[in-house]
Every structure is written in C-alpha cells, then in structure tokens.
Amino acid sequence: MTQLLAIDTSSAWCSVALSLGDKAPEIRHELVSAGASQLLLPWVEDLLAQSNKKLSDLNAIAIGIGPGAFTGVRLGVAVVQGLAIASNMPVLPVASLDAIASQVVKTSGFTKINPSYFVVAVDARMDEIYWAKYETKSPKLLPVRVGDIHLSKPEDIDLTGIQYLAGSAIKAYAKRLFSQYSLPDDALDADMNITALGILDCAKQMWVNGQQINVAYLQPLYIRNKVALTTDEREIAFKRV
C-alpha cells in the first residue's frame, strides 16, 4: 500500500493532502496568500493524527516545485526538505503545471470535449505567463507534457492545434491570449487552480515509475530568474492588460 504526503504552496493556495493506499485522500486546501507558513506543519500533523499515522510510516513526500510564486515555492521546498531529512524519506518533485493538467482531465467540461491536445496556462505576473502543452493518450492515463514549460508574453502562447485551455492566465490576459487564436467558451477553464490532489496524481505515477529522489537533490523549478519589475516596467504592463 503506497502512502504519500503531498504539499503545494506554489500559488496563493496552501494545499496539503494525505493518500493511504486505495482510500480517498484527505486534503486541507485554503486560499491564504501569505499565510501558508503558519498552516503547513499544523495541517501535516493534523492529517497524520487523524489517520493514526506517523510521518515515518509513509513511503515518500510529494512537493509542488513550481513554477509559481517565488516565495511560496521556496517555502514548500524548504518544509519538505526538513520533513524528509528528519524522517529519512525520499521525495517526489512535481511541476505545478503537470499537477494542474492531471486535475483538468477529470473535469466534466474536459471529458465532454475529450481533446487530444490541451494547454495549461497560468498567470506568472510581471506581464507574463507560464504555459505547457499536453497530450491525452488515454482517459485512464495521466496527460503527457509535450516539450518544456514555457515563460512568455501572453500573446506569444502557441495554441496551434489546441482544443482546450485551462488556467488562471485566461482571466488575467484573455484578450492577449486570443490575439491570434480562438477557442469556444466551453473549451476554456479559467477557474482551475493547483491543489495537492493534483500533486498526488502525478506523484503516484512517479512512485510506480521509480522516480523518487533523495532530498539532497530537491530543487525548486523557477524558470524565471528575475522576480520583480522596475517601476517603469510595472506602468507599461498595467497599460497593456
């Protein structure tokens, strides 16, 4: 029985989930902005206590490594580093867009259209988006990312051949995303955000594939090196949105 703890703080949401074999996962998920540091460890302790488990009983800890909010990604990775070192446990690093993609394919809107290719695009702030293309090979399998996760201006997204689009970038940059492409409203999911359940979906498959790593090799996935705009850049970005 595979037993996994999953954590994500790469967005404005703090999310922790515990999966014990075939049982439905237990989850704590809340919009907290800057308050995740006060919730993470109490939530972990609460979930373990409710299940009569110790951290050392688990097989691994899964963590959303980004890309996402710079401070949030660092927080989640640091907490998991501490937990994994203390319990001598391997970790499963999950890219945030992959976790979102695993959630998207379970929604009724997605299954109704049943697209072969779709894109997840999230607001990266600073007048940019993170986005990646995915292929759905089977309803029973996780979607497969096609290529890398990209960082670009909204209008530079490549939606060629894409039948579905999900993520926070839709609300943030709708006009600019569709300056060259168009999709019907029922092929858009603007409300999909990352949760620890998506982290779990990816982590379970990674565990089966033997993709767990030693915590010493755990690194955040930033993609962007610059984390703040100058005053002039902020004014330009505000005028463009």
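## Lysine 153 and its partner

In this predicted model, lysine 153 has a relative accessibility of 27% and therefore counts as partly exposed. Lysine 153 forms a salt bridge with aspartate 127, and the closest N and O atoms of the pair are 3.3 Å apart. The two residues come from distant parts of the chain, 26 residues apart: aspartate 127 sits in the loop between strand 6 (117–123) and strand 7 (129–135), while lysine 153 sits in the loop between strand 8 (144–152) and strand 9 (165–166).

Aspartate 127, with a relative accessible area of 5%, is buried, because the cut-off for that class is under 20%. The pair also belongs to a network of salt bridges that links Asp127, Lys153, Glu155 and Arg176.

## Other salt bridges

Nine salt bridges are found when the whole structure is searched. One of them joins arginine 28 to aspartate 46, with 2.8 Å between the closest N and O atoms. This pair, too, links distant parts of the chain, since arginine 28 belongs to strand 3 (residues 26–31) and aspartate 46 to helix 1 (residues 36–50), 18 residues apart. Arginine 28 counts as buried at 19% relative accessibility, whereas aspartate 46, at 29%, counts as partly exposed.

Another salt bridge is formed by aspartate 201 and lysine 106, whose closest N and O atoms are 2.8 Å apart. Aspartate 201 is part of helix 6 (residues 196–208) and lysine 106 is part of the loop between helix 3 (96–104) and helix 4 (108–113), so this pair ties together parts that lie 95 residues apart in sequence. Aspartate 201 counts as buried, at 18% relative accessibility, while lysine 106 is exposed, with a relative accessible area of 58%.

## The chain as a whole

The chain contains seven helices and 10 strands. Its radius of gyration is 18 Å, close to the 18 Å that the globule rule gives for 241 residues, so the chain is as compact as a globular protein of that length. Along its principal axes, the C-alpha trace spans about 50 × 45 × 30 Å.

Of the 241 residues, 47% are buried, and the chain exposes about 12,000 Å², of which carbon and sulfur atoms supply 52%. Among contacts between residues at least 6 apart in sequence, 65% join residues at least 24 apart. The chain carries 22 positive and 24 negative charges, and the mean positions of these two sets are 1 Å apart.

Methods
Residues are numbered from 1 along each chain as its sequence is written. This is a predicted model: local features need pLDDT of at least 70, side-chain atom pairs count only at pLDDT 80 or more; totals for chains, interfaces and linings use all residues. Side-chain values use heavy atoms; hydrogens and water are left out. A salt bridge is a side-chain nitrogen of Lys or Arg within 4 Å of a carboxyl oxygen of Asp or Glu. Helices (H or I, at least four residues) and strands (E, at least two) are DSSP runs, numbered from the N terminus. Buried means under 20% relative accessible area, exposed over 50%, partly exposed in between (1.4 Å probe, protein chains only). The radius of gyration is taken over C-alpha atoms; the globule rule is 2.2 Å times the number of residues to the power 0.38. Contact means heavy atoms within 4.5 Å. Accessible areas come from the Shrake-Rupley method with a 1.4 Å probe; for residues, only the protein chains shown count as cover. Lys and Arg count as positive and Asp and Glu as negative; His and the chain ends are not counted. The place of a charge is taken as NZ of Lys, CZ of Arg, CG of Asp or CD of Glu.
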